[in-house]
Amino acid sequence: MNKNPIHVIGGGLAGSEAAWQAAEAGVPVVLHEMRPIRGTDAHKTDGLAELVCSNSFRSDDAQTNAVGLLHAEMRLAGSLIMSAGDAHQVPAGGALAVDRDGFSGAVTKKLEAHPLITIQREEVPGLPPADWEQAIIATGPLTAPGLAQSIAEMTGADALAFFDAIAPIVHFETIDMDICWFQSRYDKVGPGGTGKDYINCPMDKEQYLAFVGALLEGQKTEFKQWEGTPYFDGCLPIEIMAERGVETLRHGPMKPMGLTNAHNPSVKAYAVVQLRQDNALGTLYNMVGFQTKLKHAEQVRVFRTIPGLENAEFARLGGLHRNTYINSPTLLDHSLQLKSRPGLRFAGQITGCEGYVESAAIGLLAGRFAAAERLGHAPALPPLTTAFGALLNHITGGHIVSDDEPGKRSFQPMNINFGLFPPVEAPKAEGKRLRGKDKTVAKRRAVTSRALVDCREWLGLASAAAEAEAAE
């Protein structure tokens with residue numbers, strides 16, 4: 001059988017996990033890491049899987065938290081990243097936080113010791129050569145300029161972004177539709193639309209002026225020195241627009257023209273915040289034109305002053321920062337393979353996922369998919385009901401493309417969240433009807449319970465357990 005190695009470019013969390021998974025499947029791997037030959041603006045060591053920002057993998061609650069569920073699924077799949085994280089955790093309440101040096105050292109040591117993994121400290125300046133039949137690019141948000149240029153040339157000028165211009169995303173079920181209503185501006189029916197494609201949140205003049213004041217006074221994050229300041233008119237933060245004049249927003253993303261309040265048709269709104277469906281499931285809606293540099297706590301506080309969003313729960317908060325990533329829904333198939341070049345996959349943040357754990361999870365999938373092909377099998381995709389499947393589906397096909405904002409990329413990086421999963425009915429408690437937080441918790445438990453059962457089956461663990469029980 002052909003045992004040419006799988007080449008993995010990038011030794012961050014995604015690349016390290018991809019290399020480990022492929023090698024554990026019995027396929028030789030060459031892991032290419034450019035540090036210390038060439039450094040980056042953020043890394044400080046030459047260790048693999050170095051954590052350059054926070055040392056937290058976020059919540060470890062696998063019953064009611066989506067990232068905790070992803071932790072659990074990765075452990076079931078034999079994740080190197082989770083194993084090293086568990087071995088080097090530090091106190092952090094319900095979160096999994098790690099000693100960053102111990103964690104990176106453990107990952108490096110395990111990869112160096114694996115008999116099927118060769119680590120080459122070198123920069124890969126361009127696309128993998130054709131004789132690398134199976135390759136995974138996992139170079140993250142700090143992809144070297146030469147490789148980034150090659151990717152851009154291969155995929156098209158608009159396919160590679162260097163900055164996120166992220167607007168917040170709200171869970172649909174937390175929007176108050178007794179205040180808001182569905183309507184497209186002037187009832188316009190766009191491609192695939194109905195004329196009621198937006199959720200509209202109305203403001204009177206007093207509410208609008210208070211909102212603008214809160215935007216201007218809110219605490220903002222600053223760009224890192226090496227990021228630069230990439231403001232251009234297509235992705236101005238909402239607060240920068242507000243600085244240009246108190247009326248700017250109501251003549252821009254908050255204009256009320258062409259909209260009639262279905263709950264109060266005789267009263268014209270002074271300004272309107274619009275939300276557009278963000279995923280095929282209809283569980284998530286993004287705040288149109290609301291990319292922002294407000295700190296996360298400030299976003300929650302300020303945006304909950306918008307009528308109809310008083311109790312909003314956010315699947316993602318806004319931001320604007322440097323992050324090299326491709327337009328994955330257009331470019332990649334469901335096994336993370338470039339449609340125009342079979343055998344070449346992408347993994348980690350460069351695919352448009354956000355967060356340490358999510359990046360490692362996509363690396364895990366890419367490594368498994370590449371190994372399966374190398375061994376002559378078709379990649380087995382994880383069920384959509386699992387955290388693996390929900391995240392993969394968002395990256396490769398669950399996102400809705402926007403046709404009404406020329407020049408804007410509609411696909412944006414996202415963390416794992418419950419809005420990416422197929423909906424499930426909350427189990428009914430005997431003798432009482434669940435409401436509010438009790439209903440939310442029950443639904444989350446139902447989602448995670450279903451996910452772990454389906455993940456075990458996908459990994460072959462359910463059948464293995466049944467066989468072991470039968471043997472006893």
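**Exercise 1. How many bridges join strand 12 to strand 13, and in which direction do the two strands run relative to each other?**

Solution. We are working with a predicted model.
- Start with the pair itself: strand 12 covers residues 271-277 and strand 13 covers residues 284-287.
- Three bridges hold them together, and the strands run antiparallel.
- For a landmark, look for Leu 275, which stands opposite Met 287 in strand 13.

**Exercise 2. Compare the span of helix 4 with its expected value, then list its buried residues and what covers them.**

Solution. 
- Helix 4 takes in residues 100-113, which is 14 residues.
- From first C-alpha to last, helix 4 reaches 20 Å, close to the 20 Å expected at 1.5 Å a residue.
- Buried here means under 20% relative accessible area. The residues of helix 4 that qualify are Gly 102, Phe 103, Ser 104, Ala 106, Val 107, Thr 108 and Leu 111.
- Their cover includes helix 1 (13-24) and helix 3 (80-87), and among the strands there are strand 2 (29-33), strand 3 (56-59), strand 5 (95-98) and strand 6 (117-121).

**Exercise 3. Describe how helix 1 packs against helix 4, and then against helix 10.**

Solution. 
- Take helix 4 to begin with: its axis and that of helix 1 come within 11 Å and cross at roughly 35 degrees. This crossing is left-handed.
- Helix 1 contributes Ser 16, Ala 19 and Trp 20 to the contact, while helix 4 brings Val 107, Lys 110 and Leu 111.
- Sorted by class, that contact has four nonpolar residues, one polar and one charged.
- Next comes helix 10 (residues 356-374), which packs with helix 1 at about 35 degrees, the axes being 7 Å apart. Here the crossing is right-handed.
- Residues in this contact include Ala 14, Ala 18 and Ala 22 of helix 1, and Ala 360, Gly 363 and Gly 367 of helix 10.
- By class, the contact of helix 1 with helix 10 has eight nonpolar, four polar and two charged residues.

Technical notes. Residues are numbered from 1 along each chain as its sequence is written. This is a predicted model: local features need pLDDT of at least 70, side-chain atom pairs count only at pLDDT 80 or more; totals for chains, interfaces and linings use all residues. Side-chain values use heavy atoms; hydrogens and water are left out. Helices (H or I, at least four residues) and strands (E, at least two) are DSSP runs, numbered from the N terminus. The expected span of a helix is 1.5 Å times one less than its number of residues. Buried means under 20% relative accessible area, exposed over 50%, partly exposed in between (1.4 Å probe, protein chains only). Contact means heavy atoms within 4.5 Å. Two strands pair if DSSP finds at least two bridges between them. Axes are lines fitted to C-alpha atoms, for helices over the stretch in contact, and angles run from 0 to 180 degrees between N-to-C directions. A crossing is left-handed if the near helix is turned anticlockwise from the far one by less than a right angle, and right-handed if clockwise. Ala, Val, Leu, Ile, Met, Phe, Trp, Tyr, Cys and Pro count as nonpolar, Asp, Glu, Lys and Arg as charged, and the others, Gly among them, as polar.
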